[in-house]
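Student: I would like to learn how to read helix packing from a set of coordinates. Could we work through one model together?

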Amino acid sequence: MSENNNVPFKAFIPVIAVFVIVNAFAIVFSGRLASWNVDQSMVIYGNLLLFVVTLCSWFFHRSAINAGNIQVFLRNVYTAMLLKLFVCVITFFFYVYYVGSSFVNKPALFIVMFLYLAYTFIELGILIQYSKKRNSNG
């Protein structure tokens, strides 16, 4: 994995850092979140779900960067994107069904939506950086 054309797993550390920081924030400031009417457990579980889905899509994106042709690259990138999107949408519908549409915690939902964007931008930023390195080396 230490070759120039592979993305090392240590490049995933910023995503791990976001996961740890958000969970630490949600645990330490649980009283503050409650005063803002934010469901702490939804933020923590949503963060965990997004981390796991980002980890799965990370492997698809890594193999896309290492792909020899454009078809494999596009297939892996689209698979990762659709996996992340569908898992999040399905989870959202289960959440709404479970708690009822009138009891959805909108502040926590917006935090999780922001985390979705943050994880996506961080992951893609890292992969674009390694893609540029690979193209300049190879």
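This is a predicted model: local features need pLDDT of at least 70, side-chain atom pairs count only at pLDDT 80 or more; totals for chains, interfaces and linings use all residues.

Student: Which residues of α3 and α4 make the contact?

Tutor: On the α3 side they include Met42, Leu49, Leu50, Val53, Phe60 and Ile65. On the α4 side they include Phe73, Val77, Leu83, Val87, Thr91 and Tyr95.

Student: How is such a pair described in numbers?

Tutor: Two packed helices are described by the angle between their axes and the distance between the axes. For α3 and α4, the axes come within 7 Å and cross at roughly 165°. That angle makes α3 roughly antiparallel to α4, because angles over 145 degrees count as such.

Student: What are the angle and the distance for α3 and α5?

Tutor: The angle is about 20°, and the axes lie 10 Å apart. α3 is therefore roughly parallel to α5. The crossing of α3 and α5 is right-handed.

Student: At what angle do the axes of α1 and α3 cross?

Tutor: They cross at roughly 170° and come within 9 Å. α1 and α3 are therefore roughly antiparallel to each other. In α1, the residues that meet α3 include Val15, Phe19, Val22 and Ala26. Their partners in α3 include Val43, Ile44, Leu48 and Phe51.

Student: Which residues of α1 are buried?

Tutor: An α-helix has 3.6 residues a turn, so residues three or four places apart point the same way. In α1 the buried residues are Val15, Val18, Phe19, Val22, Asn23 and Ala26. They cover an arc of only 120° around the axis, which puts them on the same side of α1.

Student: Which exposed residues sit on the face of α1 turned away from its buried side?

Tutor: Ile21, Ile27 and Val28 are the exposed residues carried there.

Student: What covers the buried residues of α1?

Tutor: The cover includes α2 (30-35), α3 (40-65) and α5 (106-137).

Student: Which residues of α4 are buried, and what do they pack against?

Tutor: Asn76, Ala80, Lys84, Cys88, Tyr95 and Val96 are buried in α4. The buried residues of α4 pack against α3 and α5. Just after α4, glycine 100 takes a positive phi of about 90°.

Student: How many helices and strands are there in the protein?

Tutor: There are five helices and zero strands. From the N terminus on, the elements run α-α-α-α-α.

Student: Which whole-chain numbers go with that picture?

Tutor: The C-alpha atoms fill a box of roughly 55 × 30 × 15 Å along the principal axes. Of the 138 residues, 34% are buried. Among contacts between residues at least 6 apart in sequence, 76% join residues at least 24 apart.

Definitions and conventions
Residues are numbered from 1 along each chain as its sequence is written. Side-chain values use heavy atoms; hydrogens and water are left out. Buried means under 20% relative accessible area, exposed over 50%, partly exposed in between (1.4 Å probe, protein chains only). Helices (H or I, at least four residues) and strands (E, at least two) are DSSP runs, numbered from the N terminus. The arc is that of the directions from the helix axis to the C-beta atoms. Contact means heavy atoms within 4.5 Å. Axes are lines fitted to C-alpha atoms, for helices over the stretch in contact, and angles run from 0 to 180 degrees between N-to-C directions. Angles under 35 degrees count as roughly parallel, over 145 as roughly antiparallel, 65 to 115 as roughly perpendicular and the rest as oblique. A crossing is left-handed if the near helix is turned anticlockwise from the far one by less than a right angle, and right-handed if clockwise.
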